[in-house]
Amino acid sequence: MSKSIGTNARSRPAFIDEDQVKELLGWDAARTALESAFVSVSNQARDPAKRSSDHPVSSQPARTFVQADGGVLLCMPGYVGRHRISEDSPATDRVSTLACKLITSFRGNVALGLPRINGEVFLFNSSTGKLDAIVEANYLTGVRTAMASIVATDHLFLRPERFNRDGASIQLGIVGCGFQGMMHAVGFVRTQPQLAKVRSIRLWNRTPAKALQLQTILQEEAKKTSSDYSVFVCDTVEDCCRDCDVIVTATGSSEPLVYRSFLKPTVHINAVGAGEYHHAELAQDVYDHCQVYIDHWEGARKELATLRSTIVGEVGEVILRQATATESESLVPKRPGISVFQSLGMATEDVTVGRLVYEKYLDRQRASGE
């Protein structure tokens, strides 16, 4: 592992393209990176005297938007200190990473046959400030966003409900079958050995063709992973949500799609999509009867300012408390009940996942003798 990378002043930054990212970025390794990102934010937010030296810390300002003709540029800088690259990294082998993700969103790109959203993560040496690598970030963002939901599902729902230990299976609902819906569905399938077995997946999309396309992808994934889950394309959101244990909403809807009457008494929802505002997909009667969890308070105060619901706290704080908290101190959702992870996305996620990709890239370079 490289703690002091790129010390040669004349060396050029590495460029890691989308195809390489897909080869290097595995789901299981990404899980460790996302847990580190969550924990670093919550550990940093604690009073200095109560901060854990065994866990990472971080710094991330509010993201900024720059309007341009036909599109927008989003800037997300961040720093994560003392984080692990992999789950089996020894306690003494921790790194610090400084990075910035830049994203552009231009709607006119679709007519040109180009992705509407494009992004890169710029990784800097945290000791010298020198640019070490540029990582194309479209696929990276898909994995990190899906894995954020999977980590939240694990700590807020699967562990408390004992799915992991008792070998129970879940029914998964995907509302919105675009890129993020697809990445979430594939992520839950790929992480079954470590988390919970998926017995069935229900899909809904406003245009049924996308749901049918995702059904085909998931049927192929079942063969690759030797899974025996069923995949159903649903005509309505209500049918998609029926009897689901875990639901992902990943649409651009500005109108409510999911209502309380669609849901089981105990269910976990990952609300990922963003229309006019970040909490449009779930109806108010869901928010009236649920416990909301977030990735970071700073983002929530700005982007969830109009949300009328109970925000319990950050997922990172849940993780920090799970090992040591008494029942009265725990932030785990009360059962029966509905838990919602309101996913906003944050720079620390891109920092840790970007560093993971770069370390995998360096490992490959060393192995090939380049």
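The side chains of Glu-35 and Arg-31 form a salt bridge, with N and O 3.9 Å apart; the term covers a side-chain nitrogen of Lys or Arg within 4 Å of a carboxyl oxygen of Asp or Glu. Side chains of opposite charge can pair when their charged atoms come close. Both Glu-35 and Arg-31 belong to helix α2, where they are four residues apart, about one turn of the helix. Helices (H or I, at least four residues) and strands (E, at least two) are DSSP runs, numbered from the N terminus. In the whole structure, the search finds 20 salt bridges.

The model is predicted: local features need pLDDT of at least 70 and side-chain atom pairs count only at pLDDT 80 or more, while totals for chains, interfaces and linings use all residues. Residues are numbered from 1 along each chain as its sequence is written, and side-chain values use heavy atoms, with hydrogens and water left out.

The domain assignment divides the protein into domain 1 (14-140 + 349-368) and domain 2 (148-347); such bounds come from an automatic or database assignment. The contact between them (heavy atoms within 4.5 Å) takes 25 residues from domain 1 and 32 residues from domain 2. The C-alpha centres of the two domains are 23 Å apart.

The size of an interface is often given as the accessible area lost when the parts come together. Here domain 1 and domain 2 bury about 2400 Å² between them, and 58% of that is on carbon and sulfur atoms. Buried area is the accessible area (1.4 Å probe) that two parts lose on being put together, summed over both. Of the area that domain 1 buries against domain 2, Trp-27, Arg-31 and Phe-38 supply 31%, more than any other three residues.

Glu-303 forms a salt bridge with Arg-63, and their closest N and O atoms are 2.9 Å apart.

Which elements supply at least two residues each of the side of domain 1 that touches domain 2? They are α2 (27-45), β4 (71-83), α3 (138-158) and α11 (347-368). Helix α2 gives the most, with 11 residues. By class, this side of domain 1 has 12 nonpolar, six polar and seven charged residues. Ala, Val, Leu, Ile, Met, Phe, Trp, Tyr, Cys and Pro count as nonpolar, Asp, Glu, Lys and Arg as charged, and the others, Gly among them, as polar.

Strand β4 also pairs with other strands; two strands pair if DSSP finds at least two bridges between them. Strands β3 (residues 64-68) and β4 are antiparallel, with five bridges, and Gln-67 stands opposite Val-72 in β4. They form a hairpin with two residues between them, and Gly-70 in the turn has a positive phi of about 85°. Strand β4 is joined to the antiparallel β5 (residues 95-106) by 11 bridges, with Leu-74 opposite Ile-103 in β5. Eight bridges then join β5 to β6 (residues 117-124), again antiparallel; Cys-100 has Phe-122 in β6 as its bridge partner.

Two backbone details remain. Most residues other than glycine have a negative phi, and most peptide bonds are trans. Arg-82, in strand β4, has a positive phi near 60°. A cis peptide bond, with omega about -5°, joins Arg-335 and Pro-336; Pro-336 is in the loop between α10 (315-322) and β15 (338-342).
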